[in-house]
Amino acid sequence: MTDYLGTVVAVQANFYRVSLSLAQGGQSLLCTRRSRLKKIGQKVMVGDRVLVEEVDLIDAQGVVAKVFPRKTVLDRPPIANADQIVLVFALADPPLDPFSLSQFLVKAESTQLFPLLCLNKIDLVSEQEQEQWQQRLLGWGYKPIFISVAKVNGLDVIQTYLDQKISVFAGLSGAGKSSLINTLIPQTNIATAAVSGKLNRGRHTTRHVELFDLPLGGLVADTPGFNQPDLDCNPQDLASYFPEARERLAKGSCQFSDCLHRDEPNCLVRGDWERYDHYLRFLEKVIAHQEAVNKMPDDETNLKLKMDTSGKENYEPKLESKKYRRLSRRASHQELQDFYESEVEKL
Ligand code: GDP
Ligand code: ZN
């Protein structure tokens with residue numbers, strides 16, 4: 001009997017939709033999982049690479065028998081093995097706001113996943129303006145891909161970055177994210193611009209996570225929004241989410257090992273770089289957030305966490321402690337989702 005390898009692209013109740021690798025025909029199977037997996041507490045997530053047994057290609061069914069170790073885990077959206085976060089922003093309509101873009105970049109960096117920046121709607125701006133953004137963002141440490149979904153321009157370039165990878169799309173609404181995904185995968189028909197007003201958001205919305213197969217290779221997930229503005233990371237880690245600061249720190253170290261790069265003497269990071277001001281603004285927020293969390297009694301923190309995370313969707317295990325939350329990479333993945341929700345909610 002042949003064993004099949006596949007990727008879980010959707011989870012619904014106790015059923016898993018698994019896409020077989022292209023080498024094995026790329027077929028989509030509806031699977032259950034071995035009860036042994038349940039007994040050992042092995043969750044099966046979207047993005048999981050799995051071994052499928054008892055495959056019946058005619059009825060398109062199988063049984064998930066094994067989950068391979070995960071490379072990465074995003075909590076919200078709950079996706080395993082994501083390779084990159086694709087940030088889609090418009091150059092115009094709505095105008096590109098540097099601070100907002102910076103927030104998304106920092107948040108994406110905090111998940112440790114590579115942020116790929118796509119600037120859409122080049123049909124609405126001059127070449128000169130495009131060039132200015134290019135130079136500016138190179139200064140931030142990013143090389144944006146310029147596209148126009150409407151004019152089908154630059155999409156082949158994006159595709160080369162998506163091939164063989166699991167990519168999570170994010171960005172402010174109106175940027176052209178759904179249009180882009182629709183163009184890359186015509187049959188998904190993710191509703192364009194349908195999510196405005198109060199519809200489809202808020203704390204109790206059940207979020208459906210699904211990976212879509214790109215006809216030319218790769219899997220993509222859309223992120224349907226986010227809800228807490230707090231950048232919940234350790235203040236000490238914030239600088240590492242800025243390529244400009246990383247570059248400075250690669251050359252040496254500040255006098256104090258716990259330097260927050262504000263007004264400490266002999267600081268390598270403080271200086272004349274464009275986003276240093278953004279860094280300071282984020283730092284203030286992060287410190288305020290940390291202080292608020294530290295003031296909370298432990299049980300209250302846990303209760304809050306429970307309501308914020310597992311209470312909503314029952315996806316995440318209850319986090320153990322404030323300390324764990326601060327240090328956890330999983331927690332910061334989860335905050336990414338919260339953050340995007342808040343951004344969407346603000347619009
Ligand atoms: P989303 O909220 O990020 O998913 O954005 P949508 O895909 O819903 O697009 C928002 C609006 O921008 C729609 O009216 C699209 O037709 C329009 N749009 C998308 N891409 C482009 C583009 O490349 N150029 C122009 N001019 N408009 C675009
Ligand atoms: Zn410093």
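This briefing covers a zinc site and the pairing of some strands. The model is predicted: local features need pLDDT of at least 70, side-chain atom pairs count only at pLDDT 80 or more, and totals for chains, interfaces and linings use all residues. Residues are numbered from 1 along each chain as its sequence is written, chains are lettered from A and ligands numbered from 1 in the order in which they are written, and side-chain values use heavy atoms, with hydrogens and water left out.

**Zinc site**

- Cys254 (SG), Cys259 (SG), His261 (ND1) and Cys267 (SG) coordinate the zinc ion (ligand 2) at 2.1 to 2.4 Å; donors are N, O and S atoms within 2.8 Å of the metal (3.2 Å for Na, K and Ca), and water is not among the atoms, so sites may look incomplete.
- The site of the zinc ion (ligand 2) is tetrahedral, with angles of 102 to 115° among its 4 donor atoms (four donors count as tetrahedral if all angles lie between 85 and 135 degrees).
- Along the chain, the donors of the zinc ion (ligand 2) have the spacing C-x4-C-x1-H-x5-C.
- Cysteine 254 is buried at 10% relative accessibility, and cysteine 267 is buried at 12% (buried means under 20% relative accessible area, with a 1.4 Å probe and protein chains only).

**Strand pairing**

- Strand β1 (residues 4-12) runs antiparallel to strand β4 (residues 49-56), with 4 bridges between them; strands are DSSP runs (E, at least two residues) numbered from the N terminus, and two strands pair if DSSP finds at least two bridges between them.
- Glycine 6 has valine 50 in β4 as its bridge partner.
- β1 is also joined to strand β2 (residues 15-20) by 6 bridges, again antiparallel.
- Glutamine 12 is bridged to phenylalanine 15 in β2.
- The hairpin of β1 and β2 has 2 residues between the strands, and alanine 13 there takes a positive phi near 50°.

Definitions and conventions:
Tetrahedral: all angles 85-135°; square planar, octahedral: opposite > 155°, others 65-115°. Buried < 20%, exposed > 50% of the residue type's maximum accessible area, 1.4 Å probe, protein only.
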